[in-house]
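Here is a short report on one model. Have the sequence and the 3D view open as you read.

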Amino acid sequence: MGDTRLISNPQRMSGDEINPAAVAQAVEDVQGDDRWMSQHTRFVQECKDAEPEVLFIGDSMVQLMQQYEIWRELFSPLHALNFGIGGDTTCNVLWRLQNGELDNIRPKVTVVWVGTNNHEHSAEQVAGGILAIAQLLTSRLPKTKVVVLGLLARGDGPNPLREKNAAVNGFLRSWLPRLGQAQFLDVGAGFVHSDGTISTRDMFDFLHLTAAGYRAIAKPLSDLLLQILDETPEEKRASLV
Amino acid sequence: MSSEDSNPAATPTPGVDTQGDGRWMSLHNHFVSNSKDKEPDVLFVGDSLVQLLYQFEVWRDLFSPLHALNFGVGGDATQHVLWRLSNGELGHISPKVVVLWVGTNNHGHTAEQICGGIMAIVQLIKDKLPKAYTLVLGVLPRGKMPNPLRERNAQVNKLVQEAVSSLPHASLLNVDPGFVHSDGSISHQDLYDYLHLTPQGYQAVCQPLHAHLKGLLEKQAEN
């Protein structure tokens, strides 16, 4: 499904064109308060001080999770770091990972959740960008396992972005397993009702999750993380007798 | 000749669906139909700072008991709120107090224009709800360190304060508890992305807001 050459080289589309969704790019400060760079700088600093077992990286879906109780309940105990920035595309995440946000840390698992903001790119390009992120992670952190979360449906009723996000997920489902250390987790089941609508009880603006929405996705995710952490051998440590 | 024509911040403008899923209009329609069977005493309207407030415990603790509705839309600038309130969101309700929190997303507008936009909303509320009181919340500082948007927002608050000072039906409440530290920095513990409030940030903002609101509601009851 899709261009199989992307699996080995997601930076290139068919015909050897560069995949724009796999090109690292910082966010430009157009508003005037430089908040994106401030957040990136803070994450780089956190890498110096922290020893996370789990790293979350992505867009506002990742970032907002940390503001809800569920983060403290399920993910803080796993020594998780949250490097989500609202509005980020695959390009922005790639840039951040290449510019300090992986320095000095060795998480056992990295959770990647990004792609819904890649408005300029096709589904195949977006999936290629996510694949490029997974490849970067496994090359920089050879022992890490990568969990890529599927893009959620969005919008009040059926719309082209839902189809696009579903297509991205379709590509990821078939491409990711071939990476070996990466896997795909679909946490979107149940959000779209039989009449095609999404409830504001789950997504308060038909995109961002409510506390209830996060609760629904956090359980399968945390179960998977616990399973992976359980399977990962502890690094040898000097023990006090 | 009204100044609305020359002030984009005071010209009712619907949100444009640039992404492809029509969420802005969906939310507006949701608010309009949601208001049909509600009788709120308080209406919160504005941008993401209003919208996100609804997602945290603080809303249930402090504002649900006041019978409050939340019509916040992330990304909204004054002209968007003006459009929403002119197109149905005030159609079926008569709140005693409207809490208005908007202005930080008016990129490209001057402080004067943003003030004009806020005052246009205040006037619209007075026209549609003659008995309601409008509480305008001061726009918060933003960004990790000092920057032009902080200056702009502070100037907006100053201008709005002057404009409402002569009005019996509106006032400005400064809800910044002191987010800017002595070195000029804002902490991510209060504003997690140097713009949006954490639950801790909301607590600091909402305790005094809640007390002020209760006072207003009691006064409205007396009238």
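Is B:Asn106 buried or exposed?

## A loop asparagine

The model is predicted. In it, B:Asn106 lies in the loop that links β3 and α5 (111-128) of chain B. B:Asn106 has a relative accessible area of 0%. Buried means under 20%, so B:Asn106 counts as buried.

What does B:Asn106 touch, beyond its neighbours within four places in sequence? The contacts are B:Ala9, B:Ala77, B:Thr78, B:Gln79, B:Ile114 and B:Arg152.

## The sheet of chain B

Chain B holds an open sheet of five strands. Their order is β2-β1-β3-β4-β5, and the pairing is parallel. β2 (68-72) and β5 (170-173) of chain B are the edge strands. Each has a single partner strand, so one side of each lacks a neighbour in the sheet. Neighbouring strands are turned by 20° against each other on average, direction ignored.

Strands of a sheet pair through backbone hydrogen bonds. Here is how two of the pairs are joined. Strand β1 (residues 42-46) of chain B runs parallel to β2(B), and five bridges join them. In this pair, B:Val45 sits opposite B:Phe71 of β2(B).

Helix α4 (residues 78-86) of chain B packs on the sheet. Helix α4 of chain B touches β1, β2 and β3 (97-101) of chain B. The direction of this helix makes about 135° with that of β1(B).

B:Leu137 stands opposite B:Leu173 in β5(B).

Which way do the residues of β5(B) point? B:Ala170 and B:Leu172 point one way. B:Ser171 and B:Leu173 point the other way. All four are buried.

β4(B), helix α6 (residues 148-164) of chain B and β5(B) form a β-α-β unit. The unit is right-handed.

## Nonpolar cores

How many residues make up the largest nonpolar core? The count is 107. The residues with the most contacts inside this core are A:Phe56, A:Trp113, B:Phe44 and B:Phe63. α5(B) gives the most to this core, with ten residues.

A second core is separate and has 37 residues. Among them are A:Phe43, A:Phe83, A:Val114 and A:Ile133.

Terms used:
Residues numbered from 1 in each chain as written. Chains lettered and ligands numbered in written order. Predicted model: local features only at pLDDT ≥ 70, side-chain atom pairs only at ≥ 80, totals over all residues. Heavy atoms only, no water. Pairing = 2+ DSSP bridges. Helix = DSSP H or I, 4+ residues; strand = E, 2+ residues; numbered from the N terminus. Axes fitted to C-alpha atoms, helices over the stretch in contact; angles between N-to-C directions. Contact = heavy atoms within 4.5 Å. Buried < 20%, exposed > 50% of the residue type's maximum accessible area, 1.4 Å probe, protein only. Core = buried A, V, L, I, M, F, W, Y, C linked by side-chain atoms within 4.5 Å. Right-handed = clockwise from strand over helix to strand, strands pointing away.
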